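I opened the model to look up a few residues, their contacts and the strand layout. My entries follow in the order I made them.

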Amino acid sequence: MSNTEPLTLKARQDRTIMNVTSVEVGTEESVLHAQSTMSEYGKVYTTYEMTLDPIRGLYLVTGEGRGFMSDGNFASGQFHGVGYREGSTFTMYNTVNITGSTQNFDVITFDALENTLTVKAYILK
C-alpha cells in the first residue's frame, strides 16, 4: 500500500488565450502585460514579472491580475511560481490567491512569436 495519492485538479474555467499588450525586457527581469475576457473573471488585465535565476536555470514568477465582470463584481489576484524557457516558449506554473479566498493553480504558456499567453486555471480552493 502506498502512502501517496495522485494529485487531481479540476479546471476552474475553459482554457483562455490572452493577448500580450506589452513586454518589458531586462537583463535579469522581464515583465509581460496581457488582457483577455475570461468566463470566470470577466475582462482581465494581468502582469507577469519573470526574474531569471541563472543558478537553477529557471525563472521566478510573480504577478497581479484584475478581473472586471459585467455585473459590477471585481476580482483581484496575486500569484507566485516558477517558469522555464524552451526556444521562444515560456511555461509558468503559478499558485494564485484571488479575492474571496479562492485559490488556483495556473499553467501559463507565453508564445513570444505569437504574442499570446495561454491560461489553464485549475481549482486549489
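Entry 1. I started at Thr116, which is found in strand S8, residues 116-123. Strands here are DSSP runs of E with at least two residues, numbered from the N terminus. This is a predicted model, in which local features need pLDDT of at least 70 and side-chain atom pairs count only at pLDDT 80 or more, while totals for chains, interfaces and linings use all residues. Residues are numbered from 1 along each chain as its sequence is written, and side-chain values use heavy atoms, with hydrogens and water left out.

Entry 2. I looked up the accessibility of Thr116. Thr116 counts as buried because its relative accessibility is 18%; buried means under 20% relative accessible area, exposed over 50%, and partly exposed in between, with a 1.4 Å probe and protein chains only. I then listed its contacts (heavy atoms within 4.5 Å). Not counting residues up to four places away in sequence, Thr116 touches Ile17, Met18, Val20, Thr109, Phe110 and Asp111.

Entry 3. I turned to Met38 in strand S2, residues 29-38. Met38 has 8% relative accessibility and therefore counts as buried. With neighbours within four places in sequence set aside, Met38 is in contact with Gln13, Thr16, Met18, Val44 and Val119. I also checked Met38 against Gly77: they are 39 residues apart in sequence, and their C-alpha atoms are 14 Å apart in space.

Entry 4. I asked how the strands are arranged. Eight strands form a closed barrel in the order S1-S2-S3-S4-S5-S6-S7-S8, with antiparallel pairing. The twist from one strand to the next averages 30°, with axes as lines fitted to C-alpha atoms and angles running from 0 to 180 degrees between N-to-C directions. Two strands pair if DSSP finds at least two bridges between them. I picked S5 (residues 74-86) and S6 (residues 89-98), which run antiparallel and are joined by 10 bridges. The bridge partner of His80 in S6 is Thr95.

Entry 5. How many salt bridges does the structure hold? I found two, with the cut-off being a side-chain nitrogen of Lys or Arg within 4 Å of a carboxyl oxygen of Asp or Glu. One joins the side chains of Arg56 and Asp53 at 2.8 Å, N to O. Arg56 is exposed, with a relative accessible area of 64%, whereas Asp53 is buried at 10% relative accessibility. Glu64 and Arg66 also meet in a salt bridge through their side chains, at 2.9 Å, N to O. Glu64 is partly exposed at 30% relative accessibility, and Arg66 is partly exposed at 29%.

Note on methods
Helices (H or I, at least four residues) and strands (E, at least two) are DSSP runs, numbered from the N terminus.
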